[in-house]
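Hi,

Here is the structure I promised to pass on. Have a look at it first, and then read my notes below.

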Amino acid sequence: MKLDCIRVLMIIMLTTMIALTGSVLMAQQDKMILDSSNASQNKGRPAVTFFHNRHVEAGLDCKACHHLYQKGKNILDESQLVEGNPAIRCSQCHAAQLRLNVQQAFHSQCIGCHVTYQKEKKKTVPRYCGECHARK
Amino acid sequence: MYDLIEGPFLSLAFIIFVLGLLYQGSRFFQLTRKKEWIAPPLPGAEKRVKKSVGQFIIDGLASVKGTLWKTDPLMMIVTSAFHVCLILAPIFLLAHNVLLDQSWGIGLWSFPESFTDWLTIVVLICVAFFLMRRLFLARVRAITSFYDYFVLLIAAAPFLTGYLAYHQWFDYRTVMILHILTAELMLITVPFTKLGHMLFFFLYRFLIGSEYSFTRGSRTW
């Protein structure tokens, strides 16, 4: 009987946590290392440390970045966005031999958004090479 | 601030650079337009003496005696290394080409960054050499004014700030802004200072040279 109580309590706590944070996706690690040195010709810049939570906290929709375009429409199913799912990795589509390879894709998406964001919101976000490709 | 130095300032710098060079080039040709003679009596120009390959090489080596190779070989090596690295480094720099690709969709091939880093170091060492020469060599100091130091600084500043930016020393953002500003200053000053030898070198070296050999001097210098 006592054990059951603890179980129920734990389930309640978990549900509350998920409810409070919005989704399971938020619970993933904040710091990610984006290292495409194998995917594209790497000529020396250090890998990028990407803070996922900061982008969620900034109020960005998942599909603002994650995408699967078909006829100009983002048809990505958000339930696919779980950690470890190989199908949602950027390099899955942005292959090294393509014009829009992983390096190009990251540059366009990150810099493109940061430049407009800074213009519109008047907030300072990384925009020069070394601010993302930071040396430790 | 960023929008200003990366937007209007940059365009303005490039426009001044290109128009300035066009203006100086056209002025160069306008000032020398008056013909000195129509058929200059250059002796021996009609009769080409046929040389053997060996003689050609010997003559070529002998003519080196009249150049910096003979009078100041160290300066000749340093200045050559300086100019080669100065031109190669920014053109084949990875970060420049990535930015170019981002905005125009075209980017040149780039050197690995560790290599451009060395090119930059060579440029900076050569600048230090030129500075030392101006400061400590009596015959050079005698003809050096503030203007010469200023021009040397303009040429060196984009490379110094670029080096600092690459290694992310000091405050990165400040260094980057300085890098962009100093490069813009360099573009603007090229047509109107002695940095104009970027264009005039080719005119002096090849046009004037050919005027006195192949094309038989039809301009007034």
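The side chains of B:R134 and B:D148 form a salt bridge, with N and O 3.9 Å apart; the term stands for a side-chain nitrogen of Lys or Arg within 4 Å of a carboxyl oxygen of Asp or Glu. B:R134 sits in helix α7 of chain B and B:D148 in helix α9 of chain B, so this pair links distant parts of the chain, 14 residues apart. (Helices are DSSP runs of H or I with at least four residues, strands are runs of E with at least two, and both are numbered from the N terminus.) The C-alpha atoms of the two residues are separated by 8.7 Å.

Are these two buried or exposed? B:R134 counts as buried at 18% relative accessibility, and B:D148 is buried too, at 8%. For the cut-offs, buried means under 20% relative accessible area, exposed means over 50%, and partly exposed is in between, using a 1.4 Å probe and protein chains only. If you leave aside neighbours within four places in sequence, B:D148 is in contact (heavy atoms within 4.5 Å) with B:R134, B:I143 and B:K194.

Before you go further, a word on the ground rules. This is a predicted model, where local features need pLDDT of at least 70 and side-chain atom pairs count only at pLDDT 80 or more, while totals for chains, interfaces and linings use all residues. Residues are numbered from 1 along each chain as its sequence is written, chains are lettered from A and ligands numbered from 1 in the order in which they are written, and side-chain values use heavy atoms, with hydrogens and water left out.

Back to the charged pairs. The whole structure has eight salt bridges over all chains. Another one in chain B joins B:D72 and B:R133, whose closest N and O atoms are 3.9 Å apart. B:D72 lies in the loop between α4 (68-71) and α5 of chain B, and B:R133 is in helix α7 of chain B, so the pair ties together parts that are 61 residues apart in sequence. Both ends are buried: B:D72 has a relative accessible area of 15%, and B:R133 comes in at 18%. A network of salt bridges links B:D72, B:R133 and B:R139.

Now for the place where the chains meet. Between chain B and chain A there are four salt bridges. One of them pairs B:E113 with A:R45, the closest N and O atoms being 2.8 Å apart. It runs from helix α7 of chain B to the loop between β1 (31-34) and β2 (48-51) of chain A, and both B:E113 and A:R45 are buried. A:R127 and B:E6 also meet in a salt bridge, at 2.6 Å from N to O.

How many residues take part in the contact? Chain B gives 23 residues and chain A gives 22. About 1900 Å² is buried between chain B and chain A, and carbon and sulfur atoms give 44% of that; buried area here is the accessible area (1.4 Å probe) that two parts lose on being put together, summed over both. B:Q102, B:Q168 and B:R173 supply 29% of the area that chain B buries against chain A, more than any other three residues.

There are also 13 residue pairs in polar contact across the interface, both residues at pLDDT 80 or more. A polar contact is a pair of N or O atoms within 3.5 Å; within protein, one must be able to donate a hydrogen and the other to accept it, and residues adjacent in sequence count only if both atoms are side-chain atoms. On chain B, the elements that give two or more residues to the side touching chain A are α1 (2-6), α6 (94-104), α9 (146-167) and α10 (172-189).

Last, the rings. The count is 12 aromatic pairs over all chains, where rings of Phe, Tyr and Trp (its six-membered ring) pair if their centres lie within 6.5 Å, and planes under 30 degrees apart count as stacked, over 60 as edge-to-face and the rest as tilted. B:F82 and B:F130 make an edge-to-face pair, 5.1 Å centre to centre with 85° between the planes. B:F82 is in helix α5 (residues 73-91) and B:F130 in helix α7 (residues 113-136) of chain B, so the pair ties together parts that are 48 residues apart in sequence.

Cheers
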